[in-house]
Structure formats: structure tokens, C-alpha cells
Amino acid sequence: MNLAITDVRLTPILVADPPLLNTQGVHQPYTPRLIVEVVTADGVTGVGETYGDTKYLELARRFAQRLTGRQVNDLNGLFSVADEVSVDSAHVRDQVDVGGLRGVQTADKLRLSVVSGFEVACLDAWGKTLGLPVHALLGGKVRDTVEYSAYLFYKWAAHPARVAAEDDDWGAALDPAGIVAQARRFTERYGFTSFKLKGGVFPPEEEIAAVRALAEAFPGRPLRLDPNGAWSVPTSLRVAEELGDVLEYLEDPALGTPAMAEVAARTGVPLATNMCVTTFAEIKEAFTRDAVQVVLSDHHYWGGLRNTQQLAAVCRTFGVDVSMHSNTHLGISLAAMTHVAATVPGLHHACDSHYPWQSEDVLTERLVFEDGRVTVPDAPGLGVALDRDRLALLHRRWLDDDGALRDRDDAAAMRVADPDWVTPSVPRW
Ligand SMILES: O=C([O-])C(=O)C[C@H](O)[C@@H](O)C(=O)[O-]
Ligand SMILES: [Mg+2]
């Protein structure tokens, strides 16, 4: 058995994405992702997936150059490579962007997102070589299925500039009735039994009404509302007061740990985050101030599956729940999320996934949700197979793009419909 990496392939792609609304704007018709392949001396190929925007891609290219000759099971070594890459990446070293939906974007976090794509690819190759599933390499699964929630979005029927790949049959959802209809479709198609509504789009009263309508349509089902930090502390408290009887948790109602701590101190509704605790360095302040009761890990920006397990252990120590966040992603990432979620003890909340919104994939066989759950794959590696024709097609789309869509920009996508749109300042309400 020879675990040495002999080749690394990076394939940036553009994937069709429906016009889903959030507080920053609307999803672009296509979103960038990066598919990572590592090949071993034995000819085994492992696959990974991460963000594909230019700044990630540039780092990934530097990263890839340093991998040949390393062992696929040297997972700790990936972080040393990340350090080396940081030294010669002066252009991203000091880059900090506070305005996105993924929390504060630092160069460190970009690097960890890149590491995650390679870590998953290495685990896949290592597992295939040993004939073991990724969850076994992570210490073994403690459950056979992982529960996901229906991720509801306010949505237009179509993108303002129609695109060929867009033919979703979800229709528009712009009011409580539309959101309930969307939720029904999610239950019919995938059997989801818990629901998360992406908020911060309409004034809070309208979103409160939508959650109330969901509570009436699906009595007793876990419900969450996530405005991505768009509300002030008083608004967050008002929403918590009005929906406290039906919410499983409120997700990032206000932006940042101090504001979340203020809200948490004055409501009994649990608060979840994928914005104010997104790195190990942010944990201490948030946990000591009791600002959050649930951390939604995203293995991409936490630096991979093993870091996600470490995060879960820290959360457990502090009595904070852990669950999972997602961004627009394909089946490789869903498989990775499912493997790691299967190994985390005490996972009390259904994980998020955008996957049902993705009509395209790079797999020969897509993962399926049954009764709102994905069965944990037991085949070697991630248990997925790359469809090279699909990959080539989505890469061709990336090559043909003039650069406009290679970096996700929800505000720019919104300006296609509303030229005066500017990213709202926070708090918006
Ligand atoms: O839970 C979250 O904050 C997200 O899922 C962030 C995403 O960027 C979401 O807002 C989206 O896709 O519009
Ligand atoms: Mg969130």
C-alpha cells in the first residue's frame, strides 16, 4: 500500500442556484464551488469540495503545489502546509471582510476552508485504500442516519435574467402561504420534520407571521428562524417574545457576540450561531458570556471533519449544543457532513443542508433524504463516485464565464433586479 500523493487536481465549477433571498440580496444564478482530487501512488483518487470563489481558488492552487509526495493519512500535516501557504500569500494575509453571511472572513478562515477540501479528499483516498468508510477513520459512527432540516427560503419564481440551467418547480415564496407551501413540498419530497426559515429578508412582523403559519401547519415540529444578524437587540427580543412558544432556537438574530450575549441574557429562547462562533479563537468570549446555546459547525470553515469533532468536544465541555450549518453545496460535501455528524455524540438538532436546492451535482448517484435523513454511507471512503462528464460540463461553464459569477455576490445579483440595491447596513431592523 502506497499512500503517497502523486497528483492533485483542482476543478473550479459553477453550479446552478435558485433565486433564494437573504438579507444581503439574492443568490446568483450560478455559484462557484471547487472540486479537489488527490491521487495516490496506488492510483486511488479521493475527492473533496469547498468554496470556489477566486480567493479560495488561489490559495488552493498554492496548497496543491505542496502536496505531492506527502501521505494522504498525514492529516495534521495539512495544517503545516496551510501555515507555509500563509507565509507566501501576502495578498490574502491581512484580508478581513466583516460583511458576509459566513461571519468575519479572515485570511485564517479562508485557509481553513481550503484545508477542509483537501482533508476530505485525503480521508476519501485513505478510506478507499483501506476499504473503510470515512466515519470509521474518524473513530466510528454512533448513528446510522443523520437528520437534516428543511431549509426554507423566501424565493422568487425565477432569476431576473433567465438562465438555461434554471428550471426549478418550486415557484415563488414571498409570504406566509408561500413558505408553508414550500415546507409542504419539502416534507412530501424528502420527509423533513423540522424547518428552518432564512429570515432578514422582510420586516420582522412578516417573518413572525410566516413562522406562526408554519407552527399552525406543522404543530409541534421544531422551527428555527435565521435573519443572519439583521436585527437590533430590541427587535431580537421582540421576536423571541412573540415566537418563544414555537421556536426550537433563534439563529444569529443580532450580529456579533456582544449583541448575542445581550439577547441571550434577556430571553429563554436558545440562540444558535454560524456567524459569531466560526473559529476556535471566538469560542472563549461567546461561551463565557453565555451568548450562544447552539454552535452550528461548518466543516468547511472550521478546517475539516476532525476539527469539527474537536469543536463538538469543546461544546460538550461547556454544555453548548452543536449542530451543522451549510452553504450552497454538492453531494461530496453532504457526504462529508453526514460522515462527521454520524460520529458526534449527542447531536440534538437536525443539521442544515442547502442540498435539496441544488438541481445539479458532480456525482454519478446523488445522496437521498428519506424521512428527512441521510443514511450514513458504509462503502469505502466517502461512498460517492465522481461523474466526470458532469464535472467537465460545470467546469466548462466556469471557463466560459467572464468572471462575473466566479465570486459569489448576493448584493450584485440583487442589483440585476434593483439597480439601487446596496447591502443593508446592520442592524437592518
Ligand atoms: O445559516 C446561515 O447563516 C446560512 O445558511 C448562510 C447562507 O449564506 C444562507 O444565508 C444563504 O445561502 O443565503
Ligand atoms: Mg445561520
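Let's start with the record. An unreviewed UniProt entry carries the annotation "domain: Mandelate racemase/muconate lactonizing enzyme C-terminal", and it covers residues 176-270. UniProt positions are given here in the numbering used for this model, feature names are shortened, and annotations may be inferred rather than shown by experiment. Over residues 176-270 the chain is 52% helix and 14% strand. The end C-alpha atoms of that stretch are 23 Å apart. Helices (H or I, at least four residues) and strands (E, at least two) are DSSP runs, numbered from the N terminus.

Now the ground rules. This is a predicted model, where local features need pLDDT of at least 70, side-chain atom pairs count only at pLDDT 80 or more, and totals for chains, interfaces and linings use all residues. Residues are numbered from 1 along each chain as its sequence is written, while chains are lettered from A and ligands numbered from 1 in the order in which they are written.

How confident is the predictor? The mean pLDDT of the chain is 95, pLDDT being the predictor's confidence in each residue, from 0 to 100. 94% of the residues reach 70 or more. For the complex, the predictor gives an ipTM of 0.99 and a pTM of 0.96.

Next, the domains. The assignment gives domain 1 (5-132 + 387-399) and domain 2 (136-375). These bounds come from an automatic or database domain assignment. The two centres, taken over C-alpha atoms, are separated by 23 Å. The contact takes 39 residues from domain 1 and 46 residues from domain 2. Contact here means that the C-beta atoms of two residues, placed from the backbone, lie within 7 Å.

Which elements supply the side of domain 1 that touches domain 2? β1, β2 (21-22), β4, β5, α4 and α14 (388-400) each supply at least two residues. α4 gives the most, with 11 residues. By class, this side of domain 1 has 20 nonpolar, 10 polar and 9 charged residues. The classes are simple: Ala, Val, Leu, Ile, Met, Phe, Trp, Tyr, Cys and Pro count as nonpolar, Asp, Glu, Lys and Arg as charged, and the others, Gly among them, as polar.

On to the sheets. One is open, with 3 strands in the order β1-β4-β5 and antiparallel pairing. Its edge strands are β1 (5-16) and β5 (45-51), each pairing on one side only. Two strands pair if DSSP finds at least two bridges between them. Neighbouring strands in this sheet are turned by 20° against each other on average, direction ignored. Between β4 (residues 30-40) and β5 there are 7 bridges. Leu34 stands opposite Thr50 in β5.

Two helices lie across these strands. α1 (residues 54-65) lies across β1, β4 and β5, at about 170° to β1. α4 (residues 107-130) lies across β4 and β5, at about 160° to β5. Axes are lines fitted to C-alpha atoms, for helices over the stretch in contact, and angles run from 0 to 180 degrees between N-to-C directions.

Another open sheet has 7 strands, with parallel pairing, in the order β9-β10-β11-β12-β13-β14-β15. β9 (150-153) and β15 (321-324) each have a single partner strand, so one side of each is left without a neighbour in the sheet. The twist averages 25° from one strand to the next. Inside it, β11 (residues 223-226) and β12 (residues 247-251) pair over 3 bridges. Arg224 has Tyr249 in β12 as its bridge partner.

Finally, two backbone details. Most residues other than glycine have a negative phi, and most peptide bonds are trans. Asp252, not a glycine, has a positive phi of about 40°. Asp252 sits in the loop between β12 and α9 (257-265). The peptide bond from Val426 to Pro427 is cis, with omega near -5°. Pro427 lies in the segment after α15 (410-417).
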